[in-house]
Amino acid sequence: MRIRTDDEVYRVDAVWLGPPKATFPWRARYVSWGIGLAVFFLTLTVERRIGIGFGFFSVAWALVITVVITRLVGSRISHERPLGAVITMWVRELTAPRQSTTGSGGALTATRIKVSDQRPQAKPGRRQLPPADNSPGRHTQQPRRQAASRTREVRGVRTPARP
């Protein structure tokens, strides 16, 4: 036994096929006619604001843009998701709070670093390190001392290192 659902009732679109005995060759829902009219006037307004004059080609392009946008919007709406719900979702998506992805502060510069002409002197009582290899105070190469019995630690057991 098959149970029939009531989905067929909702699949019927409220369409206007045109005047009697002179129907249009396409089907369009009532909501599509309303969307198309609004988009057409909005497109013409944008064209005027950009500086495009009123003429045959500007109106033709406005009509093409209207058809494309109306079909795009019409593909997103249905009886389960009406136009009001789509507009509400779009507005809430645009006005929702977002996480800030930009860092605070600006570019780093070295303008606030104080530089003095003299190097700091070592404090008395502290061990001083030998001068570096490329420093002017080191004139002769001295060989490094190595410990007589080097050891290394392996798993907690101290064993002599292998040469």
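Reader: Is R48 buried, exposed or partly exposed?
Author: Buried means under 20% relative accessible area and exposed means over 50%, with partly exposed in between (1.4 Å probe, protein chains only). R48 has a relative accessible area of 32%, so it counts as partly exposed.

Reader: What kind of model is this?
Author: Residues are numbered from 1 along each chain as its sequence is written, and side-chain values use heavy atoms, with hydrogens and water left out. Local features need pLDDT of at least 70, side-chain atom pairs count only at pLDDT 80 or more, and totals for chains, interfaces and linings use all residues, the model being predicted.

Reader: With which residue does R48 form a salt bridge?
Author: Side chains of opposite charge can pair when their charged atoms come close. A salt bridge here is a side-chain nitrogen of Lys or Arg within 4 Å of a carboxyl oxygen of Asp or Glu. The closest N and O atoms are 3.6 Å apart in the pair that R48 makes with E47.

Reader: Is E47 buried or exposed, and which residues does it contact beyond its neighbours within four places in sequence?
Author: E47 has a relative accessible area of 7%, so it is buried. Contact means heavy atoms within 4.5 Å. Leaving aside neighbours within four places in sequence, E47 is in contact with I52, S58, W61 and A62.

Reader: How far does helix α2 reach from its first C-alpha to its last?
Author: Helices (H or I, at least four residues) and strands (E, at least two) are DSSP runs, numbered from the N terminus. The expected span of a helix is 1.5 Å times one less than its number of residues. For α2, residues 30-50, there are 21 residues and the expected value is 30 Å; the end-to-end reach is close to that, at 30 Å.

Reader: What arc do the buried residues of α2 cover?
Author: S32, I35, G36, V39, F40, T43, L44 and E47 are the buried residues in α2. They sit on the same side of α2, because the arc they cover around the axis is only 165°. The arc is that of the directions from the helix axis to the C-beta atoms. The value for α2 is therefore 165°.

Reader: Which helices do the buried residues of α2 pack against?
Author: The face of α2 turned away from its buried side carries the exposed residues L37, L42 and R49. On the buried side, the packing partners are α3 and α4 (83-95).

Reader: Within what arc do the buried residues of α3 fall?
Author: S58, A62, T66, T70 and G74 are buried in α3. Seen down the axis, they line one face of the helix, because they fall within an arc of 125°.

Reader: Which exposed residues are on the face of α3 turned away from its buried side?
Author: What covers the buried residues of α3 includes α2. The opposite face carries the exposed residues F57, W61, V68, R71 and S75.

Reader: Which residues does T70 touch, not counting those up to four places away in sequence?
Author: T70 lies in helix α3, residues 56-76. Its relative accessible area is 14%, so T70 is buried. Beyond four places in sequence, T70 touches S32, I35 and G36.

Reader: How far apart in space are V64 and F40, C-alpha to C-alpha?
Author: V64 is in helix α3 and, at 43% relative accessibility, is partly exposed. In sequence, V64 and F40 are 24 residues apart; in space, C-alpha to C-alpha, the figure is 9.3 Å.

Reader: What area does the nonpolar surface patch with V64 have?
Author: Patches are made of residues with over 30% relative accessible area and no salt bridge; like charges are joined within 9 Å, nonpolar side chains (Val, Leu, Ile, Met, Phe, Trp, Tyr) within 5 Å. Accessible areas come from the Shrake-Rupley method with a 1.4 Å probe, and for residues only the protein chains shown count as cover. F56, F57, W61, V64, I65, V68 and I69 make a patch of about 760 Å².

Reader: With which residue does R98 form a salt bridge?
Author: The structure holds 2 salt bridges. R98 is exposed, with a relative accessible area of 56%. At 3.6 Å between the closest N and O atoms, R98 is bridged to E93.

Reader: What percentage of the residues of the chain count as buried?
Author: The chain has 4 helices and 2 strands, in the pattern α-α-α-α-β-β along the sequence. Its accessible surface comes to about 16,300 Å², with 58% belonging to carbon and sulfur atoms. Of its 163 residues, the share that counts as buried is 12%.
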